Amino acid sequence: MARMKLRKLEEYLQGVDGFEKPKILLEQYPTPSHIASCMLFDIQSKYDDLENKLVADLGSGSGMLSIGAFLLGAQFTVGFELDSDAIEIFRNNVADMELPAIDCVQCDVIRDLTIDSWDNVFDTVVMNPPFGTKHNAGMDMRFLESAVRLSNQSIYSLHKTSTRDYISKKTKEWSVTGEVVAKLRYNIDSLYKFHKKSSVDIEVDFWKFDSSNKNI
Amino acid sequence: MKLITYNFLTSKCIRGVKVGYPLKLKIVQKEVVQTDFNPEFITRLLPRLDYPTVHMAAELVDCAEGVPKELGENYAADQDLLQKLHHILLEIDIIEGQLECPETGRIFPITQGIPNMLLNEDEV
């Protein structure tokens, strides 16, 4: 059961500012508010994994998923983000909406979160990691590894459909179970939203992982 | 930065640092926010926290009255205590200040509520 209607959630999330100048190297695609709201609404209404939970948002960017998690009743959310410009936008978004139960920590999700201090802390991890293309090869899996360490229960994440088999194999090695709960088309070039040919749709899987029996 | 977040931060990523915990917290400016009290949440959270550091932080923000130095076994039934811990952990927001590595003295600034834990390449 979700405390807010999907339409209302999406309305709020449309008010969340995105990146001013997305950085290619960090693969900063903002999570579209429509995708973020559908994803979060499912996490709460189908799996009851936000309300009253301690939630982490890895690579939190402008804070779209952190803010949405709060709106659906997360008790406390911590966003982890590397980039100072993204953090500035996150800070403004959280301040504008006067949200008291969201923190942000500036750190390297890959390097700083694979030490043990945050291990098993979070009930739920949500993330829209870099897809791990070109310069960032493998980055998506390294984010997932951090997520598995941090969580004690559920992880929700977006990954390119083309990586599905690899993710299944890798998560099995960590004794983490996972399933694709939705398939979506992700328009990564919203700057060109009025020019259909210039925007690229990529096929993305919405994954749900259970890390409660993990071995990592 | 709320004190729940503070409780998990370490400087262990610095090369040569063994424990890096707890970081020394210096508060320049703090605010009090209001969040919904959920006793079950606090009860579930407490075993994941380092309790001596919770108490130390409580003293630092002048909220340690009625908060025991050591957590007894029946804390889940003590609504007053859970309420106090809720306030300490989730409602005190450190806006400006710093965190200091106990082993190297490296400073991590807290600016407009966000701690910057990033290290330079030559520190890791």
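**Note on the predicted two-chain model**

1. The lining of the largest cavity consists of eleven nonpolar residues, three polar and one charged (Ala, Val, Leu, Ile, Met, Phe, Trp, Tyr, Cys and Pro count as nonpolar, Asp, Glu, Lys and Arg as charged, and the others, Gly among them, as polar). This is a predicted model, in which local features need pLDDT of at least 70 and side-chain atom pairs count only at pLDDT 80 or more, while totals for chains, interfaces and linings use all residues. Residues are numbered from 1 along each chain as its sequence is written, chains are lettered from A in the order in which they are written, and side-chain values use heavy atoms, with hydrogens and water left out.

2. The count comes to one cavity of 30 Å³ or more, and the largest cavity has a volume of about 130 Å³. Of the 15 residues that line the largest cavity, A:Asp112, A:Ile115, B:Thr10, B:Cys13 and B:Met117 are the closest to its centre. A cavity is a set of points, on a 1 Å grid over the protein atoms alone, where a 1.4 Å probe fits but cannot get out; lining residues have an atom within 4 Å of a point. The volume is the space filled by probe spheres set on the points, which are joined across faces, edges and corners.

3. Between the chains, 31 residues of chain B are in contact (heavy atoms within 4.5 Å) with 28 residues of chain A. The area buried between chain B and chain A is about 2,500 Å², and carbon and sulfur atoms give 57% of it; buried area is the accessible area (1.4 Å probe) that two parts lose on being put together, summed over both. B:Phe8, B:Ile114 and B:Leu118 supply 23% of the area that chain B buries against chain A, more than any other three residues.

4. A:Ser62 is buried at 7% relative accessible area (under 20% is buried, over 50% exposed, and in between partly exposed; 1.4 Å probe, protein chains only). Its side chain reaches the backbone oxygen of A:Asp17 at 3.3 Å. Not counting residues up to four places away in sequence, A:Ser62 touches residues including A:Phe19, A:Ile89 and A:Phe90.

5. A:Asn120 has a positive phi of about 65° although it is not a glycine, and A:Asn120 is partly exposed at 38% relative accessibility. The peptide bond from B:Tyr21 to B:Pro22 is cis, with omega near -15°.

Methods: 1 Å grid on protein atoms, 1.4 Å probe; cavity = no way out; pocket = protein on both sides within 12 Å on 5 of 7 lines; lining within 4 Å. Polar contact = N/O pair within 3.5 Å; in protein donor to acceptor, adjacent residues only side chain to side chain.
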